Amino acid sequence: METKEMPLPSYTLMHRNARLSEAQAKIWIDWIERQD
């Protein structure tokens, strides 16, 4: 997510709602980092 490689372009082509905003991606990244 941090490198903007997820979700995959081939996936978002078929699932347009799968695109994350910058704010949504930050929420996920912050949550993942707290799981260590």
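Here are some notes on this predicted model, from the overall layout down to single residues.

1. Ground rules. Because the model is predicted, local features need pLDDT of at least 70 and side-chain atom pairs count only at pLDDT 80 or more, while totals for chains, interfaces and linings use all residues. Residues are numbered from 1 along each chain as its sequence is written, and side-chain values use heavy atoms, with hydrogens and water left out.

2. Surface and burial. Of the 36 residues, 8% count as buried; here buried means under 20% relative accessible area, exposed over 50%, and partly exposed in between, with a 1.4 Å probe and protein chains only. Ala25, in helix 2, counts as buried because its relative accessibility is 15%. Ala25 and Met14 sit 11 residues apart in sequence and 20 Å apart in space, C-alpha to C-alpha.

3. Salt bridges. The count comes to two, with a salt bridge being a side-chain nitrogen of Lys or Arg within 4 Å of a carboxyl oxygen of Asp or Glu. One pairs Lys4 with Glu22, with the closest N and O atoms 3.5 Å apart. That pair links distant parts of the chain, 18 residues apart: Lys4 in the segment before helix 1 and Glu22 in helix 2. Both partners are exposed. Asp30 also bridges to Lys26, with closest N and O atoms 2.8 Å apart. Asp30 and Lys26 are four residues apart in helix 2, so about one helical turn separates them. Asp30 is partly exposed, at 28% relative accessibility.

4. Lys4 again. Its backbone deserves a look: phi of Lys4 is near 65 degrees, a positive value in a residue other than glycine. Most residues other than glycine have a negative phi. Lys4 has a relative accessible area of 56%, so it counts as exposed.

5. Nonpolar patch. Leu20, Trp28, Trp31 and Ile32 form a nonpolar surface patch with about 400 Å² of accessible area together. Patch members have over 30% relative accessible area and no salt bridge; nonpolar side chains (Val, Leu, Ile, Met, Phe, Trp, Tyr) are joined within 5 Å, like charges within 9 Å. Trp28 lies in helix 2 (residues 22–34) and is partly exposed because its relative accessible area is 43%.

6. Largest pocket. About 180 Å³ of space lies in it. Of its 13 lining residues, Met1, Lys4, Met6, Pro7 and Leu20 are the closest to its centre. Helix 1 (9–14) and helix 2 each supply at least two lining residues. The lining divides into seven nonpolar, two polar and four charged residues. On a 1 Å grid over the protein atoms alone, a pocket is an open set of points where a 1.4 Å probe fits, with protein on both sides within 12 Å along at least five of seven lines; lining residues have an atom within 4 Å of a point.

How values were computed:
Areas by Shrake-Rupley, 256 points an atom, 1.4 Å probe, with all protein chains shown as cover. Points joined across faces, edges and corners; volume = space filled by probe spheres on them. Nonpolar A, V, L, I, M, F, W, Y, C, P; charged D, E, K, R; others polar.
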